[in-house]
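Let's go through this one by question and answer. Have a look first, then we'll start with a charged pair.

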Amino acid sequence: MKRILFLILLALGVVLPNVEAQKFAAAYLDMQYILKNLPQYETANEQLNMISKRWQKDIDAQQELQILNSNYQTEQIFLSPEMKQKREDEILEKERYILELKRKYFGEGGEWYKKRESLLKPIQEEIYNAVQEIAAEKRYDVVKDRSADPSLIYMSSRLDISDQVLEKLGAK
C-alpha cells in the first residue's frame, strides 16, 4: 500500500511541474490599427501613391497603341503587304514596350516593389523592435497579430498591446 501511494506521489511529482511549464503569457496587437496611426506610414503610403500615379501616366502615355491599331484597321485595305507587315511590326513593338514598362515598374521585383520595401522596411523594423521591448518588459512568450489571424475570434482587450506599441514608437 505504501508502495502504491509512493508511486502515485512520484507520478504527480513528475506530471504537475510539466503542467505548470506549459503555461505561457500571450498578448496580441492589431497591425492595421498601428500602421493607420503611424504618421511615417501614411507619409510612405503617399509617396508610393505619387510614384505609382506617375509611372501609370508613363504607361498610359504609351497607349497610343490603340490609335495605331485603329488606324491600321481602317487603312489595312489600302496598304501593300510590305506596309501591312511594317505596321503590324510597329504595333507589336509598341505592345512589347508597354508590357516591359509595366513589368519594370509594377512587376514582381519591379521598381514599385523595391521602393515600397525601402520605405516600409524601416517602419516594420521599428514596430518589431517596439513589440520585442514590450514583450520582454511584460514577459510575453507570444504576441499575435490580430489583423492577420482570421481564426482569432475573441481576445480580452487587456491583452491588446497595440496602443503600447504606438506609445513606444512616439505616436499618439
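Q: Which residue forms a salt bridge with Glu 137?
A: We're working on a predicted model, where local features need pLDDT of at least 70, side-chain atom pairs count only at pLDDT 80 or more, and totals for chains, interfaces and linings use all residues. Residues are numbered from 1 along each chain as its sequence is written, and side-chain values use heavy atoms, with hydrogens and water left out. A salt bridge here is a side-chain nitrogen of Lys or Arg within 4 Å of a carboxyl oxygen of Asp or Glu. For Glu 137 the closest N and O atoms are 2.8 Å apart, and the partner is Lys 168.

Q: How many residues apart in sequence are the parts that Glu 137 and Lys 168 tie together?
A: Helices (H or I, at least four residues) and strands (E, at least two) are DSSP runs, numbered from the N terminus. Glu 137 sits in helix H6 and Lys 168 in helix H7, so the pair ties together parts whose separation in sequence is 31 residues.

Q: Which residues are linked in a network of salt bridges?
A: The side chains of Glu 133 and Lys 168 also meet in a salt bridge, at 3.5 Å from N to O. That pair links distant parts of the chain, 35 residues apart, with Glu 133 in helix H6 (residues 111–138) and Lys 168 in helix H7 (residues 162–169). The salt-bridge network therefore consists of Glu 133, Glu 137 and Lys 168.

Q: Is Glu 137 buried or exposed?
A: Buried means under 20% relative accessible area, exposed over 50%, and partly exposed in between (1.4 Å probe, protein chains only). Glu 133 has 41% and is partly exposed, and Lys 168 at 35% is partly exposed too. Glu 137 has 53% relative accessibility, so it counts as exposed.

Q: How many salt bridges does the structure hold?
A: One of them is within helix H5: Glu 100 and Arg 103 lie 3 residues apart there, about one turn of the helix. Their closest N and O atoms are 3.1 Å apart, and Glu 100 is partly exposed at 43% relative accessibility. For the structure, the number of salt bridges is 6.

Q: How far apart are the end C-alpha atoms of H5?
A: The expected span of a helix is 1.5 Å times one less than its number of residues. H5 has 26 residues, so it should span 38 Å. The end C-alpha atoms agree with that, at a separation of 37 Å.

Q: How are H3 and H5 oriented to each other?
A: Axes are lines fitted to C-alpha atoms, for helices over the stretch in contact, and angles run from 0 to 180 degrees between N-to-C directions. The axes of helix H3 (residues 39–61) and helix H5 (residues 81–106) come within 10 Å and cross at roughly 170°. Angles under 35 degrees count as roughly parallel, over 145 as roughly antiparallel, 65 to 115 as roughly perpendicular and the rest as oblique. That makes H3, relative to H5, roughly antiparallel.
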